There are 2 protein chains.
Amino acid sequence: MTKITTGASVSLDGFIAGPAESGFEHLFQWYENGDVEFKTTSSSIAINVTEASAEIMREIVATTGCFVVGRHLFDITNGWGGKHTLGIPCVVLTHSVPDGWEQDGEWMSFCTGTLEDAIELAKTKANGKNVGLNGGTIASQALDLGLLDEVELDLVPVILGGGTPFFGRLGNGPFVLEGPIKSIQGDRVTHLRYRVVKA
Amino acid sequence: MTKITTGASVSLDGFIAGPAESGFEHLFQWYENGDVEFKTTSSSIAINVTEASAEIMREIVATTGCFVVGRHLFDITNGWGGKHTLGIPCVVLTHSVPDGWEQDGEWMSFCTGTLEDAIELAKTKANGKNVGLNGGTIASQALDLGLLDEVELDLVPVILGGGTPFFGRLGNGPFVLEGPIKSIQGDRVTHLRYRVVKA
């Protein structure tokens, strides 16, 4: 069954970015402090993690059939050059299809409807695998709408003191979760997976 | 050597209380979902935790010689009736000694100076054991001043979506920590201890 999942590297105080987009050297240190090379579709992006973190990443890639991403993330990565770094199809939630892109490409599709529409479209592309939501704004909206099934925290031992929270502007909280249903210790990261308890 | 420590039950989004002082039934569920009675000095406060959580609590009580607490916490607990529930002496940081209390009692002392003064006073009372800071405002100030050595997160699987952050108003972040140097899974709580890396 397709699950709707999300995950992020978060600080101990719950931020996915520090003040003024700072802190990434801490939040993503675990992407480069191991000796297991994690293959991406981009020759310019090297991910070298510990075996423990690689195990988690392999599992996520193997079980995720499609991402739903926000337009902001699409823009700042320039659409990952056409194909997501992890080689997984993406549905981009956007007000309009960006110039030069087909609405329904092999690796990038654009949904100008609601988040529910984007998730439904992603499900059709996921071939029974999971739909992964990226990043915090979309994940928060899905949680608030009762659509989110699992949350993966890559908990990083840093206190940022402010910035962008992973989960923000929730109208329908609190949300109770179960778990961690999976817990793996990496180097400068603790991978914790939780299941959202549906109301 | 005396360490300066702090700890709190926090939600996955970093809050020690939800909006309008809500969420405690989630944050403190692990205080009452086990079959190990944790003895307090108060007959009216029953703490029943799992053996895993009891192990952590016993260790904290055994290694903590004195607490530094804020006046707000002192007031809302009415000074724990004269003696902290865990039987540990307290230094209360306050602008003035409250009516009816001696400035330097056996279980409650009052410091009208700075946080550094309160911590120094607590060290003299801790007999070589640790000084524990309670709650978030004092812990954040100590972190910001470079005085905090260890942080214990009792991470609870709930997303509160807002409220009182454990760490707030930090002027000198980000703060890098090491660990978890201890990690224990309870029931509806993950106990994670981190060491603050001093600049």
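The structure is a predicted model, in which local features need pLDDT of at least 70 and side-chain atom pairs count only at pLDDT 80 or more, while totals for chains, interfaces and linings use all residues. Residues are numbered from 1 along each chain as its sequence is written, chains are lettered from A and ligands numbered from 1 in the order in which they are written, and side-chain values use heavy atoms, with hydrogens and water left out.

**How the two chains are related**

- Two copies of a chain are related by a rotation about an axis and a shift along it.

**The nine-stranded sheet**

- Nine strands form an open sheet of mixed pairing, in the order β10(A)-β12(B)-β13(B)-β9(B)-β1(B)-β8(B)-β5(B)-β6(B)-β7(B). Strands (E, at least two residues) and helices (H or I, at least four residues) are DSSP runs, numbered from the N terminus, and two strands pair if DSSP finds at least two bridges between them.
- The edge strands are β10 (158–159) of chain A and β7 of chain B, each of which pairs on one side only.
- Strand β9 (residues 150–156) of chain B pairs with strand β13 (residues 190–196) of chain B in the antiparallel sense, over six bridges, and B:V151 has B:Y194 as its bridge partner in β13(B).
- Strand β6 (residues 90–93) of chain B, by contrast, pairs with β7(B) in the parallel sense over four bridges, with B:L93 standing opposite B:C111.
- Strand β7 (residues 108–111) of chain B is covered on both faces, as B:M108 and B:F110 are buried on one side and B:S109 and B:C111 on the other; buried means under 20% relative accessible area, exposed over 50%, and partly exposed in between (1.4 Å probe, protein chains only).

**Helices and core**

- Helix α4 (residues 115–126) of chain B lies across β1 (4–11), β5, β6, β7 and β8 of chain B, and runs at about 155 degrees to β5(B). For such angles, axes are lines fitted to C-alpha atoms, for helices over the stretch in contact, and the values run from 0 to 180 degrees between N-to-C directions.
- Helix α5 (residues 136–144) of chain A has seven of its nine residues buried, so it is largely enclosed by the rest of the structure; among the buried residues are A:G136, A:I138 and A:L143.
- After α5(A) comes A:G146, which has a positive phi, near 80 degrees.
- In the largest nonpolar core, which has 68 residues, A:V68 and B:V68 touch the most other members. A nonpolar core is a set of buried Ala, Val, Leu, Ile, Met, Phe, Trp, Tyr and Cys residues joined through side-chain atoms within 4.5 Å.
- Leaving aside neighbours within four places in sequence, the contacts of B:V68 include B:V91, B:L115, B:I119 and B:L133.

- A:T2, in the segment before β1 (4–11) of chain A, counts as buried at 17% relative accessibility, and the side chain of A:T2 reaches the backbone oxygen of A:K129 at 3.0 Å.
- Although A:T2 and A:V131 are 129 residues apart in sequence, their C-alpha atoms are 6.8 Å apart in space.
- A:T64, in strand β5 (residues 64–70) of chain A, is buried at 6% relative accessibility, and its side chain reaches the backbone oxygen of A:I60 at 2.7 Å.
- A:T190, in strand β13 (residues 190–196) of chain A, is buried at 3% relative accessibility, and a polar contact of 2.7 Å joins its side chain to that of A:Q185. A polar contact is a pair of N or O atoms within 3.5 Å; within protein, one must be able to donate a hydrogen and the other to accept it, and residues adjacent in sequence count only if both atoms are side-chain atoms.
- Beyond neighbours within four places in sequence, A:T190 is in contact with residues including A:L153, B:P180 and B:Y194.

Definitions and conventions:
Contact means heavy atoms within 4.5 Å.
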